[in-house]
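Here are a few friendly notes to read alongside the model. Please keep the viewer open and look up each residue as you go.

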Amino acid sequence: MFATRDADRRRFLFAAGSGIAAALSAGPTLADDAVPAGARHFDVPDDPTKEQGRPVAADGGYGSRSQFEKAVRVRYPTPNEHTSWSLTPLAALVGNITPSGLHFERHHGGIPTIDPDHHSLVVHGLVGTPKRFSMDDLRRLPSVTRKHFIECSGNGLTEWKKPTLKNVQGTHGLLSTSEWTGVLFSTLAREVGLQEEGVWVLAEGADAAVMTRSIPMEKLLKDGIIAYGQNGEAIRPEQGYPMRLLLPGYEGNTHIKWLRRLEVSDKPFMTREETSKYTDLMGDGRARLFSLDMDAKSVITFPSGEMRLPGPGIYNVTGFAWSGRGRVQAVDVSLDAGKTWYPAYLGSTPEPMCTVRFTFPWTWDGTPTVLQSRCLDETGYVQPTRQQLLAIRGDHGPSASIYHLNAIQSWSIASTGEVSNVHA
Ligand SMILES: Nc1nc2c(c(=O)[nH]1)N[C@H]1C(S)=C(S)[C@@H](COP(=O)(O)O)O[C@H]1N2
Ligand SMILES: [Mo]
């Protein structure tokens with residue numbers, strides 16, 4: 001594998017030496033009509049002193065983004081509005097962090113309204129001393145601040161058999177990254193004391209769904225966080241205000257929001273969410289239970305489905321890579337449907353269980369092609385193709401394999417510049 005990557009890299013450097021400079025001089029320029037009509041008036045006024053700016057804090061003291069920024073979460077169609085998804089507009093993001101207002105949402109019973117003064121977390125079961133923690137109690141304990149992604153293991157569930165959703169918000173939008181602040185579970189464990197037989201913990205939410213999952217004690221002690229902060233402020237109501245469980249790298253469903261109870265036990269509780277749901281039926285009829293880790297994955301967000309390249313020239317291919325099992329080691333990009341792979345540039349130092357942005361300069365000559373990316377994580381795992389994944393999990397009908405689709409995504413570029421979701 002490394003030999004191939006080195007060869008790829010040399011070939012890329014050769015190609016880049018001549019290609020990029022030429023493409024930059026001949027590349028597309030921004031036409032005048034690329035500026036929206038409404039924006040032109042605000043764009044560099046002839047005499048800025050003639051236009052009085054908006055006074056400070058005219059926004060009620062809590063800012064909002066520019067009126068020209070339009071990206072929003074979109075709802076995923078479900079029969080019941082209280083059990084729903086909304087997807088992050090990944091292609092509109094910059095950097096690694098998802099703005100809180102664009103963090104994807106998944107709730108099974110709607111968003112409860114919880115007064116933090118009347119909310120507490122009970123830790124009981126196989127502990128030394130059961131305790132109730134108010135928000136004030138939690139805030140008095142030492143806190144940690146870490147960037148982590150959350151991905152619903154149902155992300156892309158429509159894409160196993162045929163390309164279904166048109167754009168990256170649809171295919172990959174159940175993925176978001178925040179900077180989370182809270183108290184390590186290990187800190188709470190020291191407060192209550194643990195009994196030796198306590199190897200599983202039930203986490204329970206205070207929403208109408210009373211969402212419950214059994215979590216291995218080992219994971220909780222390693223890096224579980226009771227989070228009350230998100231991106232520098234209180235966690236958003238949609239994300240579990242006033243507190244949620246954060247299990248870095250685990251499937252989204254286990255990150256119990258509106259957390260109200262942790263019960264230590266000697267065995268898993270086998271709740272609905274880990275028996276009927278969130279299990280993976282295999283080809284031989286058996287099901288994977290507690291498939292909790294999110295495997296390495298990546299996706300190109302530019303160019304991606306429903307976009308249109310204005311013409312041949314140089315483009316900054318970009319996207320996200322992430323792994324639930326540690327740091328992203330490297331990201332490769334292919335410009336020929338996976339035949340040749342080139343190393344992409346990582347825009348920041350990869351952090352464990354966190355998305356990292358990658359970029360790759362590409363000169364498009366106008367011929368149809370297929371773009372792909374693949375993630376390599378620090379465990380040595382390489383993001384598989386869909387065929388490789390189906391071979392392992394079993395290919396058994398359109399609805400059987402639902403969760404944990406982490407296959408390589410393909411975007412086809414037509415000669416017209418049109419980008420679409422394909423299975424290559
Ligand atoms: N209490 C509660 N916690 C919950 C859920 C829920 O419905 N209720 N949904 C889970 C699912 S399926 C996912 S993918 C994540 C989504 O987190 P987010 O809405 O903050 O993006 O929350 C999880 N935690
Ligand atoms: Mo989920």
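1. Let's begin with a term: helices (H or I, at least four residues) and strands (E, at least two) are DSSP runs, numbered from the N terminus. With that in hand, find P303 in the loop between β16 (297-302) and β17 (313-322). A cis peptide bond, with omega about -5°, joins F302 and P303.

2. This is a predicted model, where local features need pLDDT of at least 70, side-chain atom pairs count only at pLDDT 80 or more, and totals for chains, interfaces and linings use all residues. Residues are numbered from 1 along each chain as its sequence is written, chains are lettered from A and ligands numbered from 1 in the order in which they are written, and side-chain values use heavy atoms, leaving out hydrogens and water.

3. Another cis peptide bond links Y241 and P242, with omega about 5°. Look for P242 in the loop between β11 (233-234) and β12 (244-246).

4. Next, two backbone angles. V210 has a positive phi, near 40°, although V210 is not glycine; this residue is in the loop between β8 (200-205) and β9 (212-216). Y278 also has a positive phi, near 50°, and lies in the loop between β13 (259-265) and β14 (280-281).

5. Is Y278 buried or exposed? Buried means under 20% relative accessible area, exposed over 50%, and partly exposed in between (1.4 Å probe, protein chains only). Y278 has 5% relative accessibility, so Y278 counts as buried. V210 has 32%, so V210 counts as partly exposed.
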